[in-house]
Amino acid sequence: MTARADAPQRTDARGARRTASASAVLRAVLDGGPIARSTIARRTGLSAAAVSGHSAELLQRGLLRELPETEKRVGRPHVPVDLDTGRHVAGALHLAVHHATVALLDVRGNVLVQHEEPHDGLAAEDLLARAAEILDDLLLGYAPDREPLGLGVATGGWVDRASGTVVEHPLLGWRDVPVRDLLAASTGLTVAVDGHARSLVHAEQLFGHPRARDSVVQLFTGNVVDAAFATGGTVHHGPRSAAGAVAHLPVDGSAEACRCGRSGCLEATVSEATLARRAAESGLIARPDFPELLALAGEGDSAAVRMFHERARLIGQAAALLLDVLNPAVLVVVDRSIAGVPGCLPAIRDEVGERSRRLDSAETVVGTSFPGTELATAGGAVLLDLLYEDPLGPLLTGLSHAS
């Protein structure tokens, strides 16, 4: 891995316009590629000259490639362009409570490879060092001829994106861990860090649900429960990126004790750890193991399915509240049970329909666009969002460019 030099930021008005225009061109190709430059101009409102200029820059940087002309035309040829998904690769790291997911993604957000590494008991510095080693192995084994754009890191808890610090992650026992600085030192790559719910909002806006670009709420329910919100393409962070803390929302009828000292909090009630513990206490499984419980429900065990459906209705309480308060075009629930247990998404929607004032709640509440790869996608989206926001910016500084 080689270090990436920082580039001076373009802060003048002309530089900002240039950045926005290049971003619009790259996003148009993401959405419509292979696509002719004339079509890009029509869809973005940019002049033909501006599109040609930015396309040339993006071709030089290895983000676009030209395809053979599909039709012979009279006059000037219309050579389509598409994303060059074989040139660069984005590293991804997601830090969950019991395991880390290390992955590589292409510039379309496709997960090329992902590796899950258990880490119970590892200190923060040791875990991050191990993740850096795994990333290096993946780059050598699966992308030896690709140039890494950098490493995106996503996790739950309170993450300060500006400083790249995990301010507080109670379930990991982390406080003020400088994740960005530690990983940048060990990998030599550009590193960006953000909360996983916000990261998945970026992923939905770039690669997922079409209505997410209007406005979207992301509700993540795993061992960590948190949320994120975006409108007009902008994700709300709040001071020190503390927005989205829904773990302690009250849940009707819950007496589950929470680490905050109260009872009935959302995370304490619906977390994977809580459900697995309850299943073990009831004798349904031998020990608290959420994947085992999920597999049991997926096989159709009635008691396990019932537990997941009851939990889905509790998740629906929070979804209804977020839907009414924020009124998004779409609300995305990220939960492993939606893909693994039939009836969970309908149960969430039914609860939302009973509690929300929105008349279209059934159509508004959806599952993630990335089932099975949501953790890898969250990490990659931290970095890819920066790329699509500023494709002429510092991420590609220092990389050798295509001729």
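Me: Which residue follows α2 with a positive phi?
Reply: In this predicted model, helix α2 covers residues 37–44; helices are DSSP runs of H or I with at least four residues and strands are E runs with at least two, both numbered from the N terminus. Residues are numbered from 1 along each chain as its sequence is written, and side-chain values use heavy atoms, with hydrogens and water left out. The residue after α2, with a phi near 80 degrees, is Gly-45.

Me: What covers the buried residues of α2?
Reply: Arg-37, Thr-39, Ile-40 and Ala-41 of α2 are buried, a term for under 20% relative accessible area, with exposed over 50% and partly exposed in between (1.4 Å probe, protein chains only). The elements that cover them include α1, α3 (48–60), β1 (64–66) and β2 (81–83).

Me: Is Ser-23 buried or exposed?
Reply: Ser-23 belongs to helix α1, residues 13–32. Beyond its neighbours within four places in sequence, Ser-23 has contacts (heavy atoms within 4.5 Å) with Tyr-388, Glu-389 and Pro-391. Its relative accessible area is 8%, so Ser-23 is buried.

Me: What positive phi does Gly-173 have in the turn of the β8 and β9 hairpin?
Reply: In the hairpin of β7 and β8, four residues lie between the strands and Gly-164 has a positive phi near 70 degrees. The hairpin of β8 and β9 also has four residues between its strands, and the phi of Gly-173 is about 75 degrees.

Me: Which strands stand at the edges of the sheet, each with a single partner strand?
Reply: Five strands form an open sheet with mixed pairing, in the order β13-β12-β11-β14-β15. Each edge strand has a single partner, so one side of each lacks a neighbour in the sheet; the two are β13 (234–235) and β15 (365–367).

Me: At what angle do α9 and α10 pack?
Reply: Helices α9 (residues 290–298) and α10 (residues 302–326) have axes 7 Å apart, the axes being lines fitted to C-alpha atoms over the stretch in contact, with angles from 0 to 180 degrees between N-to-C directions. Phe-290, Leu-293, Leu-294, Leu-296 and Ala-297 of α9 meet Ala-304, Val-305 and Phe-308 of α10. The helices are therefore roughly perpendicular, the class for 65 to 115 degrees, where under 35 is roughly parallel, over 145 roughly antiparallel and the rest oblique. The packing angle is about 110 degrees.

Me: What is the mean pLDDT of the protein chain?
Reply: Residues 2–10 have pLDDT under 50, and residues 398–403 are also below 50. Where pLDDT is low, the predicted coordinates should not be read in detail. In the protein chain 93% of residues reach 70 or more, and the mean pLDDT is 91.

Conventions
pLDDT is the predictor's confidence in each residue, from 0 to 100. Two strands pair if DSSP finds at least two bridges between them.
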